[in-house]
Amino acid sequence: PTSIFTGDTDAVGFYANRGKLFTMFGYSYSKLTGSVDSEFFGTARSNTTAETFGAELSYKDELGKFSYSIGSRYNSTVLKGFMEQGSDVNLRVANQNYNSANLVTTLAYFDSFNYKSTRFFYGADVEYSRYFYSNGNNVHVSTGGAFTSVKGFNRLTKDGTFVSLTAGAWLNSNAN
């Protein structure tokens with residue numbers, strides 16, 4: 001069996017650094033498509049959308065070209081319900097609402113240089129995240145009758161490490 005899931009996301013975010021405090025608010029809208037092949041039931045296809053709101057509050061400090069932060073993030077995602085099509089047995093998935101909060105720490109390196117009157121920057125950061133709250137991890141599905149709760153997909157209780165590389169140029173003192 002083959003499963004293919006794709007997504008297209010538009011997002012906007014606002015952040016501010018005031019002293020050693022960092023705050024961020026973000027919103028994203030995603031269009032999601034899926035295709036699941038089954039030997040017994042054929043291919044089920046689905047289309048849906050999701051909206052996510054996120055916020056972060058962190059303490060940040062710098063040590064030369066290095067910086068570190070510790071803070072918390074909160075995310076809320078609403079996945080619009082949908083009906084699979086094309087299979088012998090199509091699932092109907094109810095609207096889902098996922099909420100999570102996590103502790104996050106970051107260690108970053110940042111540097112810059114000038115080239116032909118343009119200031120370029122580059123950096124890398126390592127982020128460690130540990131979820132301490134999640135809600136809405138049950139998926140509610142139906143094959144035509146009442147919705148049934150499918151449990152056991154709470155991946156947010158784990159921790160993880162992420163590495164990011166950054167590069168760019170300053171267009172002016174306020175934009176990059």
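The legends below describe close-up views of a predicted model.

**View 1**
Strand E7 covers residues 96-115, and strand E8 covers residues 118-135. The two run antiparallel and are joined by 17 bridges. One of the paired positions is Leu107, whose bridge partner in E8 is Val126. Lys116 sits in the loop between E7 and E8 and has a phi near 50°, a positive value in a residue other than glycine. Most residues other than glycine have a negative phi. Lys116 is exposed, because its relative accessible area is 68%. Ser117 also counts as exposed, at 82% relative accessibility.

**View 2. Strand E8 beside strand E11.**
Strand E11 is made of residues 159-169 and runs antiparallel to E8. Eleven bridges join the two strands. Within this pairing, Ser129 stands opposite Gly160 of E11.

**View 3. Ala101 in strand E7.**
Ala101 counts as buried because its relative accessibility is 8%, and the cut-off for buried is under 20%. Met24 is 77 residues away from Ala101 along the chain, and the C-alpha atoms of the two are separated by 14 Å.

**View 4. A nonpolar patch on the surface.**
The patch has about 1,200 Å² of accessible area together. Among its members are Leu21, Leu57, Tyr59, Leu63, Phe66, Tyr68 and Ile70. Leu107, Tyr109, Phe113, Tyr115 and Tyr122 also belong to the patch. Strands E3 (42-63), E4 (66-79) and E7 (96-115) each supply at least two of the residues. E7 gives the largest share, four residues. Tyr59 lies in strand E3 and is partly exposed, with 35% relative accessibility.

**View 5. The aromatic pair of Phe113 and Tyr122.**
The structure holds eight aromatic pairs. In the pair shown here, the ring centres are 6.3 Å apart and the planes of Phe113 and Tyr122 stand at 50°, so the pair is tilted. Phe113 counts as partly exposed, at 43% relative accessibility. Tyr122 is partly exposed as well, with a relative accessible area of 35%. Both Phe113 and Tyr122 are members of the nonpolar patch.

**View 6. An aromatic cluster and charges over ring faces.**
Phe110, Phe121 and Trp170 form one aromatic cluster. Arg119 lies over the face of Trp170, at 4.6 Å from the ring centre. Elsewhere in the model, Lys60 lies over the face of Phe22, at 5.0 Å from the ring centre.

**View 7. The salt bridge between Asp61 and Lys20.**
Side chains of opposite charge can pair when their charged atoms come close. Four salt bridges are counted in the model. In the one formed by Asp61 and Lys20, the N to O distance is 3.3 Å. The pair links distant parts of the chain, 41 residues apart: Asp61 is in strand E3, while Lys20 is in the loop between strand E1 (3-18) and strand E2 (21-38). Asp61 is buried, with a relative accessible area of 18%, whereas Lys20 counts as partly exposed at 41%.

**View 8. The salt bridge between Asp111 and Lys65.**
The closest N and O atoms of Asp111 and Lys65 are 3.0 Å apart. This pair, too, links distant parts of the chain: Asp111 belongs to strand E7 and Lys65 to the loop between E3 and E4, 46 residues apart. Asp111 counts as buried at 15% relative accessibility, and Lys65 counts as partly exposed at 45%.

**View 9. A network of salt bridges formed by Glu56, Arg73 and Glu127.**
Between Glu127 and Arg73, the closest N and O atoms are 2.8 Å apart. Glu127 in strand E8 and Arg73 in strand E4 are 54 residues apart, so this pair links distant parts of the chain. Glu127 is buried, at 14% relative accessibility. Arg73 is partly exposed, with a relative accessible area of 21%.

Note on methods. Residues numbered from 1 in each chain as written. Predicted model: local features only at pLDDT ≥ 70, side-chain atom pairs only at ≥ 80, totals over all residues. Heavy atoms only, no water. Phe/Tyr/Trp six-rings, centres within 6.5 Å; stacked < 30°, edge-to-face > 60°. Buried < 20%, exposed > 50% of the residue type's maximum accessible area, 1.4 Å probe, protein only. Lys NZ or Arg CZ within 6 Å of the ring centre and 35° of its normal. Patch = residues over 30% accessible without salt bridge, like charges linked within 9 Å, V, L, I, M, F, W, Y side chains within 5 Å. Areas by Shrake-Rupley, 256 points an atom, 1.4 Å probe, with all protein chains shown as cover. Salt bridge = Lys/Arg side-chain N within 4 Å of Asp/Glu carboxyl O. Pairing = 2+ DSSP bridges.
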